[in-house]
Amino acid sequence: MQPTIEAWDVHKGFGTGSAWRSILGGVSLTVARGETVYLVGRSGSGKTTLLSILGCILTPDRGSVRILGQDPAQLNVAQRASFRGRNLGFIFQSFNLFPTLSALDNIVLALSAQGVGRKAAVLQAETMLEQVGLSQRIRVRPAQLSTGECQRVAIARALAGNPEVIFADEPTASLDTENGQVVLQLLTGMVRARGASLVVVTHDNRIFPFADRILELEDGRLKQEQAPHTGTQRRSMMKGLVA
Amino acid sequence: MELLALKAMLADRGRLLTGLMGVGFAVVLVNLQGGLYLGLMHKASLIVDCGQADLWLGHRHMESVDLPAAIPQRWGMRLRGVAGVERADPYIITYSEFAMPDGRHERVVLVGTDAAGLLGNAWSMAAGNPQAVRQPDGILVDACELDKLGWPQVGDLCELNGRRARIAGLTDGIVSFTTCPYVFTTLEQARTKYSIISIPPGCCSYILVKAKPGTNLPDLIARIQKRVPELDIRTKSDYAQRSRQYWQVRTGIGLSFGLAAVLGLLVGLVIVAQTLYASVNERLTEFATLRALGTGDGPIVRFLVAQALGHAGLGSGFGIVLSQLIGRVLTTPRAPVLLSASVMAGSVVLVTVVCMVAAWLPYRCIRGLDPASVLRK
């Protein structure tokens, strides 16, 4: 089966003239369908830039990328946005929810922006919030939600459109240990249930056991692949994923 | 999308209040300026609009009801046999000097109506009867202008052009566009006693024609024109419009009121633009997130337009209610505030356009957002 994500010799730099700086110096990787891959590394190693390129937000300076068989560099800005909306989901470190809209309306907004009708969007949003355990909090605004609850709303928003690939940028950075574990369990479980792929950028080694593979970036290159966990650890972890 | 935009707008109460005050202020200013302007212009044609005559006949190129030239009264005789004419009476508008007991004088506009039919006489009374002008030395002055005339009362004797006059009644709100109060009397008394401008015997300022019910006015005008080709003939509405236009053009009053209204709109534009821009600026991360999630220009535009229209709608409603209240408090016969449906509708349309323009700035801001910014640390 064709991989969900394929990247060959991806280079990316920022700045102009003497201020130009290389961020990625030739990264190649694949992500299979249904696989959970973590990108780890020190600050400045290029994780977020790589995530942006794989997420069709940025295009590489050199090299090529294929997401679900599509080369984003062949699309214009509007077409890339449309492709993201239809196929990809994003979860951000700071949740980035509209503070003046309820949990439900934050998800409905994302769906409406993709052209989903209001009734269908509301139904889908309610279903997603139920799946993340927030069915009693759908009318509550982000200011009244805990950080864990906010991230669950963000997860529900990311998955509401049934994307095939989900990108998460430091999803547990704003959460304490317990909430971080709960959120990753939830995210990983929901993604696996859908057969989707998950790419996570993280510093948080507490959540490494949830990954299928861990790729370490150093100075813009893939250094080595880390083993996330043993088979025993994985089985006991998977038990915790089943509600 | 639009519903969500309105929900987000309503939830941000502080910003909403600021925006609504800006829109409301613009609506109030446009309405009051428009209402004051219409009120003043209405005064310029009050005698024509509220008079009972259907047609006004006067000198060639007559432009303003308060500024006539003398015409032979006998020409009115030619009209009484014309089919469709119920009455054709002479009418005088001239000037006089009202002397007060303390020695002050006030220039007044003297209106003389034919004693038989009283066509063109005062129509609204605060005290007494309009037919009282037929009394010997009888005059009617307006209750709103008593301060200019030394506070005379009904029954008081006074001096008009050095001749004795008696206050026979008080009119209600019949106020001239100029600073001179209207004084009503009979044609003969105006011509022979009270006018400071010498009116030749057998002359008048206008001939007023009352048409029989059901008469076609254009046809009647054509018939009358054949009898009196020397005169201009204007319908009530036409001459009222001309009288208003005279003062609009000669004084530049339209320009000054228009400028004030435009300034009000600009203030509203700036406040709404600033409010919308500030609310978007505070939510740049969220809008960039929508961009990252794949939201195109269309939904963003709909979101902003919905908020702009929301501001326009709510602000207009608030502004119109406030305009009505202020208008009722401020309106006087000397400075009437006429808040017609067209003025209010016009203010709503203008403010809506302003709000749509105000949404352009935040749209530009969002359009330039880099979705990668939500991922950069």
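Tutor: Of the 243 residues in chain A, 48% count as buried. Keep in mind that this is a predicted model.

Start with the build of the chain. Chain A holds seven helices and nine strands. Its radius of gyration is 18 Å, close to the 18 Å that the globule rule gives for 243 residues, so chain A is as compact as a globular protein of that length. Along the principal axes, its C-alpha atoms fill a box of roughly 50 × 45 × 35 Å. Now look at the contacts in chain A with a separation of 6 or more. Residues 24 or more positions apart account for 69% of them.

Next, go inside. The largest nonpolar core has 128 residues. Within this core, A:L54, A:I166 and A:V199 touch the most other members.

Pick out A:L54. Leave aside its neighbours within four places in sequence. A:L54 is then in contact with A:I5, A:A7, A:V65 and A:I67, and also with A:F167 and A:V199.

Now turn to where the chains meet. Chain A puts 24 residues into the contact, and chain B also puts in 24. On the side of chain A that touches chain B, three helices each supply at least two residues: α1 (47–54), α2 (77–87) and α3 (103–113). Of these, α3(A) gives the most, with six residues. By class, this side of chain A has 13 nonpolar, eight polar and three charged residues.

Finally, a look at the partner. Chain B is divided into domain 1 (2–43 + 252–374) and domain 2 (60–230). Taken over C-alpha atoms, the centres of these two domains of chain B are 48 Å apart. Their contact takes four residues from domain 1 of chain B and five residues from domain 2 of chain B. The side of domain 1 of chain B that touches domain 2 of chain B has two nonpolar residues, no polar ones and two charged ones.

Technical notes:
Residues are numbered from 1 along each chain as its sequence is written. Chains are lettered from A and ligands numbered from 1 in the order in which they are written. This is a predicted model: local features need pLDDT of at least 70, side-chain atom pairs count only at pLDDT 80 or more; totals for chains, interfaces and linings use all residues. A nonpolar core is a set of buried Ala, Val, Leu, Ile, Met, Phe, Trp, Tyr and Cys residues joined through C-beta atoms within 7 Å. A residue is buried if 20 or more other C-beta atoms lie within 10 Å of its own, exposed if 12 or fewer, and partly exposed in between; C-beta atoms are placed from the backbone. Two residues are in contact if their C-beta atoms, placed from the backbone, lie within 7 Å. Domain bounds come from an automatic or database domain assignment. Ala, Val, Leu, Ile, Met, Phe, Trp, Tyr, Cys and Pro count as nonpolar, Asp, Glu, Lys and Arg as charged, and the others, Gly among them, as polar. Helices (H or I, at least four residues) and strands (E, at least two) are DSSP runs, numbered from the N terminus. The radius of gyration is taken over C-alpha atoms; the globule rule is 2.2 Å times the number of residues to the power 0.38.
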